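I opened the model to look at a sheet, a chain contact, a helix and some backbone angles. My entries follow.

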Amino acid sequence: MSYFIQVVVDGLSNGAIYAAIALAIVLVFRATGLVNFAQGGMAVAATFVAFALTRAGVPVLLALIAAVVFGFVLGGVLERVVMRHFEGGDPDTAVVATIALLVLLTGLSALFFGYEPHPFPSLFPNRTIGFLGAFVSLRSIGTIAVLLVIMAALQLLFRYTKLGLAMRAVADNPQSSALSGLPVSRLLMIGWGLAAALGAIAGVLVAPQLFISPGMLDFVLVYALAAAILGGLDSPVGAVVAAAFIGVVENLAGAYLDFIGDDLKIAVPFVAVIVILIVRPQGLFGRKVTVRV
Amino acid sequence: MNTFFASRPRRIAGLVVLAVVLVLAPLVSSPYINYQLSSIAVFAVAILGLNIVMGYTGQVSLGQSAFLGLGAYIAAYGVLHDWPPVLSLVLCAVIPAVVGMLVALAAARLRGLALAMITLALPIVGVPLARRLTDLTGGSQGRVVSWLRAPEATGLANDQWRYYVVVVIAVVAFALAHNLVRGRIGRSFAIVKENEAVALSMGVSPYRTKVLAFTIASLLGGVSGFMYLAVVQYTSPETLTFFTSINLVAAMVIGGSASIVGTALGAAYYVLVPVLAGQVNSSRTALISGAILLAVLFLLPAGLVSLPRRLASLLRRRPQPAAGAPTPDDATHRAPASSTATTE
Amino acid sequence: MSLLELEDVTAAYGHAQVLHGISFSLPENGATGLLGANGAGKTTTLRAISGMVRTTGRILFEGRDISGLGPDRTAHLGIAHVPEGRGTIGQLSVRDNLLVGAYQRRDRKQIATDVDYVLDLFPNLQQRVKSNAAALSGGEQQMLAVARAFMAKPRVILLDEASLGLAPSTARRVYDAIVRLRHEAQVSMVVVEQNANLAFSVVDDATVLETGRVALSGSRDELMGMDAVRRAYLGG
């Protein structure tokens with residue numbers, strides 16, 4: 001039983017990381033209607049800023065704050081300078097532009113820090129505590145807690161604030177939103193900025209475990225995409241639940257199904273995701289879209 | 001290009017020149033060049049499949065690498081069991097097509113990103129599966145093969161022979177695809193891409209059309225896997241990673257979505273840009289590739305295939321516009337995202 | 001002083017020039033119609049006013065030249081454009097669409113009052129206030145589009161083909177509400193409409209466009225008295 005709890009909590013902790021990037025994907029999707037592959041690249045770049053600062057002796061928490069600010073500016077600037085150019089055009093081209101940004105940011109991080117992984121100090125004390133007979137690391141608990149706070153904040157933002165309403169409107173119909181006087185370009189910049197800032201938090205949380213390298217979040221990006229789509233792409237809560245589901249199912253399968261083992265465990269949540277999508281195409285929490293012709 | 005090849009005689013002349021170049025190129029090139037040219041043929045077929053499902057039918061696929069990998073593994077299995085290459089080629093087409101069709105039968109009722117998600121899962125599940133099924137795939141080590149050596153009688157070197165094999169397959173695939181997209185089926189692809197509800201009202205089943213497009217894409221992916229093994233003589237789980245799929249999508253858009261010529265240009269881009277970037281500075285390949293990708297998207301949002309049109313329109317813009325007409329320069333504000341706007 | 005005045009305005013999409021020097025003016029608390037065949041430049045004239053196309057010439061709003069301002073800026077000044085095709089925000093609920101319309105306002109209490117007012121004006125919307133706009137019928141979407149424009153508390157509403165694709169009785173209901181809106185809320189209007197009968201139920205005067213130029217203009221009664229206008233736009 002205690003082993004079970006440990007496996008579940010570790011799964012939730014992994015899921016929290018997937019969820020953070022998934023939330024960032026949802027945020028950009030809500031703000032711009034695009035799936036942003038550059039998400040991982042922006043997060044890693046911001047995490048490297050934190051890395052450089054901690055190496056210079058800055059405390060981790062301050063470095064995190066700096067990374068969040070850097071991420072916000074980076075996201076806003078990339079939207080203004082690069083993505084703005086592709087608005088209103090073919091969405092495929094815009095998505096490929098985000099792929100280009102991913103490659104570019106990865107290359108840029110490597111230019112300064114190389115491709116080899118570096119250790120990264122943890123935000124949370126490196127201790128475990130007893131929990132229902134299991135040993136759970138404070139890092140896992142801290143990661144999950146931070147994530148829940150972010151999720152709640154985003155849900156509030158979209159549901160109950162004017163900014164959130166405006167971002168949803170712009171994502172859906174930029175032209176009409178402009179006619180209603182919404183500052184479309186500023187809202188798009190804010191969307192990207194918030195997403196990148198969120199990525200920075202995820203990067204700093206996960207870096208101690210994965211070691212920081214330019215490709216650190218490549219795999220996380222895939223899980224996050226799956227979680228975001230499974231969650232319905234426009235639902236922060238859905239993305240988090242889906243990410244937790246993926247993290248836990250994966251860990252349980254790896255721990256308890258011998259023929260699955262560590263290498264094949266990734267397949268289990270993905271197969272589950274496929275089955276769920278086929279049964280429920282709008283995702284777990286997405287609103288069913290009715291479109292008239 | 002479009003204007004130049006508009007007339008039929010010119011078009012035929014162009015094709016003859018192309019054929020002569022394709023035939024002569026390997027005879028005068030180094031093995032290294034032939035390897036690169038052959039690789040372009042390999043990925044051209046993979047991207048062709050992707051273009052059929054994405055460019056022509058409008059369904060995002062993030063799983064093309066899985067079919068490329070599947071084809072390569074089937075071919076490698078055939079080499080191990082001494083199948084004749086033609087049998088391998090047939091199975092490399094049929095098995096991935098069946099797999100693709102089964103996936104599509106289950107998934108094609110979905111739209112947009114839900115469908116993309118299912119295709120995304122293929123490489124994600126495929127890579128660890130390839131590592132695990134060691135008996136079939138050689139596990140993480142992959143499979144090194146030595147096959148498709150040049151028959152003595154031809155007097156060709158292995159690289160030249162393999163070039164001809166893959167180029168012939170690619171030419172056949174392109175010719176078939178060209179006819180397909182210009183025929184009745186191509187029109188149904190276009191209608192489904194435009195609007196599924198309208199397709200229904202015109203008697204075109206979006207579901208069956210999407211399944212067909214996916215099946216063809218998977219078939220071409222599998223064939224490109226056969227070609228991959230012919231050229232590279234090695235396959236491993238790395239062949240089918242998700243990032244290969246992503247790069248194929250990027251190459252397709254760079255070349256030109258819904259364009260046969262664009263597909264070939266995209267393949268050349270896919271193969272050559274990393275090589276060129278590596279030659280400039282091998283430790284900065286990603287940085288340079290990313291910058292080039294972005295630059296092309298900025299300059300040619302409709303892909304490399306639009307370059308002649310784009311140049312022509314730049315040249316045409318030179319003459320002064322009619323007096324009194326607003327020119328782009330008088331405008332003091334940025335045009336809003338109005339490319340979808342209707343002109344009255 | 002007129003509220004809105006166009007002086008020799010031209011506009012083009014790329015190389016295709018659509019407007020060749022349009023002039024007309026809209027008085028304070030007035031309503032003017034733009035009539036004309038398809039392709040005459042009616043929609044483009046509205047797009048020129050709200051800043052969605054590039055223009056030359058002068059567009060004066062409350063005496064100030066607004067040409068060159070983008071749509072979010074002109075909206076800020078008090079110009080609400082109800083575009084062709086309605087332009088509701090499909091994935092937002094009816095209520096959220098109305099709130100988006102009121103985005104620039106700070107007077108929360110008055111916003112709530114105005115929401116109640118438009119829901120009273122369009123009882124169909126009242127029943128569907130929580131539905132996504134995309135799930136509404138064409139007539140309901142048109143009502144929502146007009147209601148959303150009103151929520152900005154604009155000085156002038158630009159109304160583009162509000163009857164397009166609607167059943168005659170539905171179109172009539174939409175226009176009845178527009179007439180009520182004009183008089184109760186004291187908002188000026190520029191009305192583009194194929195169906196001149198509907199247009200003349202709202203406007204005081206009108207300008208007839210032909211291939212991007214002003215063909216004639218006059219008061220409602222003058223125009224309705226002209227045989228040519230009757231034949232072309234009033235069905236005999």
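**Sheet in chain C**

I began with an open sheet of six strands in chain C, which has mixed pairing and the order 6-7-8-3-9-10. Strands here are DSSP runs of E of at least two residues, helices are runs of H or I of at least four, and both are numbered from the N terminus. Two strands pair if DSSP finds at least two bridges between them. Strand 6 (79–82) and strand 10 (213–219) of chain C are the edges; each has a single partner strand, so one side of each lacks a neighbour in the sheet. From one strand to the next, the twist averages 15°.

This is a predicted model: local features need pLDDT of at least 70, side-chain atom pairs count only at pLDDT 80 or more, and totals for chains, interfaces and linings use all residues. Residues are numbered from 1 along each chain as its sequence is written, and chains are lettered from A and ligands numbered from 1 in the order in which they are written.

I then checked one pairing. Strand 3 (31–36) and strand 9 (205–210) of chain C pair in the parallel sense, over five bridges. Leu35(C) is opposite Val208(C) in strand 9 of chain C.

Helix 1 (42–50) of chain C lies across strands 3, 6, 7, 8 and 9 of chain C. Its angle to strand 7 of chain C is about 150°. Axes are lines fitted to C-alpha atoms, for helices over the stretch in contact, and angles run from 0 to 180 degrees between N-to-C directions.

**Contact of chains C and A**

How many residues does the contact take from each chain? I found 24 from chain C and 21 from chain A. Residues are in contact if their C-beta atoms, placed from the backbone, lie within 7 Å. On the side of chain C that touches chain A, helix 2 (71–77) and helix 3 (94–101) of chain C each supply at least two residues.

**Helix 3 of chain A**

Helix 3 (60–81) of chain A has 22 residues and reaches 30 Å from first C-alpha to last, close to the 32 Å expected at 1.5 Å a residue. The expected span is 1.5 Å times one less than the number of residues. Its buried residues include Phe70(A), Phe72(A) and Glu79(A). The buried residues of helix 3 pack against helix 2 (39–55), helix 4 (91–113) and helix 8 (184–210) of chain A.

**Positive phi**

Phi of Lys153(C), not a glycine, is positive, near 55°. Lys153(C) is partly exposed, because 18 other C-beta atoms lie within 10 Å. The cut-offs within 10 Å are 20 or more other C-beta atoms for buried, 12 or fewer for exposed, and partly exposed in between, with C-beta atoms placed from the backbone.

Note on methods
Contact = placed C-beta atoms within 7 Å.
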